[in-house]
Amino acid sequence: MTAADRFRAAVDNRDLAALDDLFTDDIRFYSPVKFTPFEGKPMVLGLFRVLLRTFENFRYVGQYAGTAQTSADGTPAPSAILVFRAEAGGKEIHGIDLLHFDDDGRIKEFTVMVRPRSAVHALGEAVLAGLVQDGLVPAPAER
């Protein structure tokens, strides 16, 4: 079973302990709704806790493997693209998870890309509410 397969199984089973084993301590998570990455295992695991309860009808529908440069340092790394479909906030989401692995097969960098824009907006609002609820980020200041 590949690292990507182990990740898919952890997500399918909503198994945060398995995800904890799959992430490097200094993992970077690039979100489609935030310019700077989420950094470090505690923050990324907290984010996944929110994502697993936010997405509805989440399922992976395809997978590709290869090598790609990481965003952090530009070095080539074993990588996988997982194609998914889901719903959030009543919007259908099409997306991909781009996983970069370290030499031990653990995920060191994770990038999510989703479409359409209306789904990105709905997902961003739902995830922000979950992050605030879990105390991972402060509530946005009112305008």
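Visitor: Is F55 buried or exposed?

Guide: First, the ground rules. This is a predicted model, in which local features need pLDDT of at least 70, side-chain atom pairs count only at pLDDT 80 or more, and totals for chains, interfaces and linings use all residues. Residues are numbered from 1 along each chain as its sequence is written, and side-chain values use heavy atoms, with hydrogens and water left out. Buried means under 20% relative accessible area, exposed over 50%, and partly exposed in between (1.4 Å probe, protein chains only). F55 has 11% relative accessibility, so F55 counts as buried.

Visitor: How many aromatic pairs does a search of the whole structure find?

Guide: Rings of Phe, Tyr and Trp (its six-membered ring) pair if their centres lie within 6.5 Å; planes under 30 degrees apart count as stacked, over 60 as edge-to-face and the rest as tilted. The search finds 13 such pairs. In one of them, the ring centres of F29 and F38 are 6.1 Å apart with the planes at 65°, so the pair is edge-to-face. F55 and F58 make a tilted pair, 5.2 Å centre to centre and 55° between the planes. One aromatic cluster takes in F7, F23, F29, F38, F48, F55, F58, Y60, F84 and F110.

Visitor: What lies over the face of F38?

Guide: A charge sits over a ring if NZ of Lys or CZ of Arg is within 6 Å of the ring centre and within 35 degrees of the ring normal. Here the residue is K34, at 4.6 Å from the ring centre of F38. F38 itself is buried, at 8% relative accessibility, and F29 is buried at 3%.

Visitor: Which residues have the most contacts inside the largest nonpolar core?

Guide: A nonpolar core is a set of buried Ala, Val, Leu, Ile, Met, Phe, Trp, Tyr and Cys residues joined through side-chain atoms within 4.5 Å. The largest one has 37 residues, and F7, L19, F23 and F29 have the most contacts inside it. Its largest share, seven residues, comes from α3. Helices (H or I, at least four residues) and strands (E, at least two) are DSSP runs, numbered from the N terminus.

Visitor: Which residues of helix α1 are buried?

Guide: In α1, residues 3–12, the buried ones are A3, A4, F7, A10 and V11. They cover an arc of only 120° around the axis, which puts them on the same side of α1. The arc is that of the directions from the helix axis to the C-beta atoms.

Visitor: What does S79 touch?

Guide: Contact means heavy atoms within 4.5 Å. Not counting residues up to four places away in sequence, S79 touches Y64, A65, G66, T67, A68, L98, L99, H100 and F101. S79 lies in strand β4 and is buried, at 8% relative accessibility. Its side chain reaches the backbone nitrogen of A68 at 3.4 Å.

Visitor: Which backbone angles deserve a look?

Guide: Most residues other than glycine have a negative phi, and most peptide bonds are trans. R14, although not a glycine, has a positive phi of about 50°. R14 is in the loop between α1 and α2 and is partly exposed, at 45% relative accessibility. N57 is likewise not a glycine and has a positive phi of about 55°; N57 lies in strand β3, residues 56–69.

Visitor: Where is the peptide bond that is cis?

Guide: The bond runs from R115 to P116, with omega near -10°. P116 is in the loop between β6 and α4.

Definitions and conventions:
A polar contact is a pair of N or O atoms within 3.5 Å; within protein, one must be able to donate a hydrogen and the other to accept it, and residues adjacent in sequence count only if both atoms are side-chain atoms.
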